[in-house]
Amino acid sequence: MTMNTTVANIISSAVTPSPAPTTPLPHLTEPFRITLIVIYTFVLLVGITGLTLMISLLKSNIRSLTTIAFLNLIFAHFLFLLTVPFRIYYYATQAWHLHMGMCKLVSAMVHIHIYMVFSIYAIILTLRFLHYYKKMQWTEFYRRLHALGASALVWLLLLLIMLPLVLLQYGESSGNHKDAGENQCFKFGKMINEGPVYTLNMIMSIFIISVSCVQTGIQAIILHAMIRKYGSASRSQQEFWVQIKNLIFVLIMLTCLVPYHLFRLHYLNHTEDLHEINEVFLAITGLTCFDMLTFTGKGVCQVCLT
């Protein structure tokens, strides 16, 4: 009897297949994955081109408030572009083989880039609006060292305060890593469902949308006033082309930043169902790197011809 039971167990274990190891499915389907690779590759190529052309800006008056803002914007783009190849590689291979801290850093950098770009856009437009309405005469620092010191202070606060918080807290409290799998990255959506984080995201999205709409309205009023004043001669006015550059900043905000935050108001309540679309909207914000091609104006053509 014992011999028959042993033989039966051996036959049963040989016939019954052992359960296959469970591996987490990729959190991006094929169409979204390819779309992200294309967008980030395009962003990387345009960003590198823009950074190369913007080297000429370093020769200009770096005491100017707007020039300092431009240089900080370029630096923000540069830091973001350093992380783009990691995203392209991950979407291409569908596996993350680096430390999870690096994953959090790369994932957070796109959000840091959004807020830094928006803040600098808002500062540049506000300074130019005030200058147009003769509300501010001070347009540059008294010394170059003061300008560099102000920029260094901003980035020092960012690196010493924001970056450690990101590395220590971003995605830790909700167990996203275990749910996403050890070799997956950029899936921290569950963290947004937490009360304080959810509220902060809602406030930031509404704030960015509101400020963008207000500055768009002001820019439209200024352009309308200039066209009414100068008519067909507007194109010969230097101030008109300054406002055209302002309009480009406004259009970039409306096409790259505002759509993402409008979508985010809906995404915050459906993080599990819309995470793929959210990644695409997030990638579109990287197209703000196009602004570097508009900074130098005629200088870009001169650089291209030399």
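**Burial, rings and helix packing**

Analyst: Tyr-90 has a relative accessible area of 4% and is therefore buried, where buried means under 20% relative accessible area, exposed over 50% and partly exposed in between, using a 1.4 Å probe and protein chains only. Tyr-91, at 1% relative accessibility, also counts as buried. This is a predicted model, in which local features need pLDDT of at least 70 and side-chain atom pairs count only at pLDDT 80 or more, while totals for chains, interfaces and linings use all residues. Residues are numbered from 1 along each chain as its sequence is written, and side-chain values use heavy atoms, with hydrogens and water left out.

User: How are the rings of Tyr-90 and Tyr-91 arranged?

Analyst: Rings of Phe, Tyr and Trp (its six-membered ring) pair if their centres lie within 6.5 Å, and planes under 30 degrees apart count as stacked, over 60 as edge-to-face and the rest as tilted. The centres of Tyr-90 and Tyr-91 are 5.7 Å apart with planes at 55 degrees, so the pair is tilted. Ring pairs also join Tyr-40, Tyr-90, Tyr-91 and Trp-96 into a cluster.

User: At what angle do helix α8 and helix α9 pack?

Analyst: Two packed helices are described by the angle between their axes and the distance between the axes. Helix α8 (residues 238-267) and helix α9 (residues 275-284) pack at about 160 degrees, with axes 8 Å apart; axes are lines fitted to C-alpha atoms over the stretch in contact, and angles run from 0 to 180 degrees between N-to-C directions.

How values were computed: Helices (H or I, at least four residues) and strands (E, at least two) are DSSP runs, numbered from the N terminus.
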